[in-house]
Amino acid sequence: MRIVIAGGHGQIALRLERLLAARGDEVAGIIRKAEQADDLRRAGAEPIVLDLESASVEEVAERLRGADAAVFAAGAGPGSGAARKDTVDKAAAVLFADAAIRAGVRRFLVVSSMGADPGHPGNEVFDVYLRAKGEADAYVRSLDALDWTILRPGQLTNDAGTGLVRLEAHTGRGPVPRDDVAAALAELVDTPATAGLTLELISGSTPVSVAVKSVAGN
């Protein structure tokens, strides 16, 4: 498979790139800064320098043509203000989805956030973030031209992955290592029967591959 990842230099994306490349997939990561390119090459991914905050749908679609799947793993990041939650976490996700449709890429995964909700109240930056992610998710879910799966991890940690998770429509809150989020994404990309599902992910007791198979087709 050829898989293109938006936010290719993110912590989850780099882990995912390594997993996909190691199993023989062709993987490319969209990055904003040329100086990030070597990190992607070391992960086994082809770097594509493109700013999703200023690119057109056609520019993004051009980079997606020929791909078998697209993964939106971009984020404004914890140090960013409210404005970039709208331009990256929402608008860039919408742009990437529209570009995937234009490029004819049906399989589409979104790395969202537990608690994402268009109606989330509050005016703190994190509240704005959860609304932006919720609005992006709602937009993707409205698109019949995509075989989408939305993954909402719990509290992200840098602990070593265990390969054991809980993956359900509603898990309740809990931590999950970024390693295990990447492993779940790699499995989900390969499991089109999870299209149309919004799934929460936390650490648990079920091997990732078994957890994905158990929700497939539900």
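In which helix does Lys85 lie? Select helix 4 (residues 82-103), where Lys85 is found; helices here are DSSP runs of H or I of at least four residues, and strands are E runs of at least two, both numbered from the N terminus. The model is predicted, so local features need pLDDT of at least 70 and side-chain atom pairs count only at pLDDT 80 or more, while totals for chains, interfaces and linings use all residues. Residues are numbered from 1 along each chain as its sequence is written, and side-chain values use heavy atoms, with hydrogens and water left out.

**Lys85**

Lys85 is buried (under 20% relative accessible area; exposed is over 50%, partly exposed in between, with a 1.4 Å probe and protein chains only). Next, display the contacts of Lys85 (heavy atoms within 4.5 Å): beyond four places in sequence, they include Ala76, Gly77, Val125 and Tyr129.

**Helix 6 and the cores**

Move to helix 6 (residues 178-189), which has twelve residues. Nine of the twelve are buried, so helix 6 is largely enclosed by the rest of the structure; Arg178, Asp180 and Leu185 are among the buried residues.

Now select the largest nonpolar core, of 36 residues. Such a core is a set of buried Ala, Val, Leu, Ile, Met, Phe, Trp, Tyr and Cys residues joined through side-chain atoms within 4.5 Å. Helix 6 supplies the largest share of this core, seven residues. Leu185 is one of the members that touch the most others, and, leaving aside neighbours within four places in sequence, Leu185 is in contact with Ile12, Leu16, Leu109, Val111 and Leu151. Apart from this core lies another, of 34 residues, including Val4, Ile30, Phe72 and Leu146.

Turn to the open sheet of nine strands, ordered 3-2-1-4-5-6-10-8-11 with mixed pairing; two strands pair if DSSP finds at least two bridges between them. Strand 3 (46-49) and strand 11 (206-207) are the edge strands, each pairing on one side only. Strand 4 (residues 69-72) and strand 5 (residues 107-111) pair in the parallel sense over four bridges. Phe72 stands opposite Val110 in strand 5.

**Arg18**

Finish at Arg18, in helix 1 (residues 11-22). Arg18 is partly exposed, with a relative accessible area of 44%. The C-alpha atoms of Arg18 and Ala45 are separated by 7.6 Å, and the two residues are 27 residues apart along the chain.

Key: Lys, Arg positive; Asp, Glu negative; His and termini not counted. Salt bridge = Lys/Arg side-chain N within 4 Å of Asp/Glu carboxyl O. Expected span 1.5 Å × (residues − 1).
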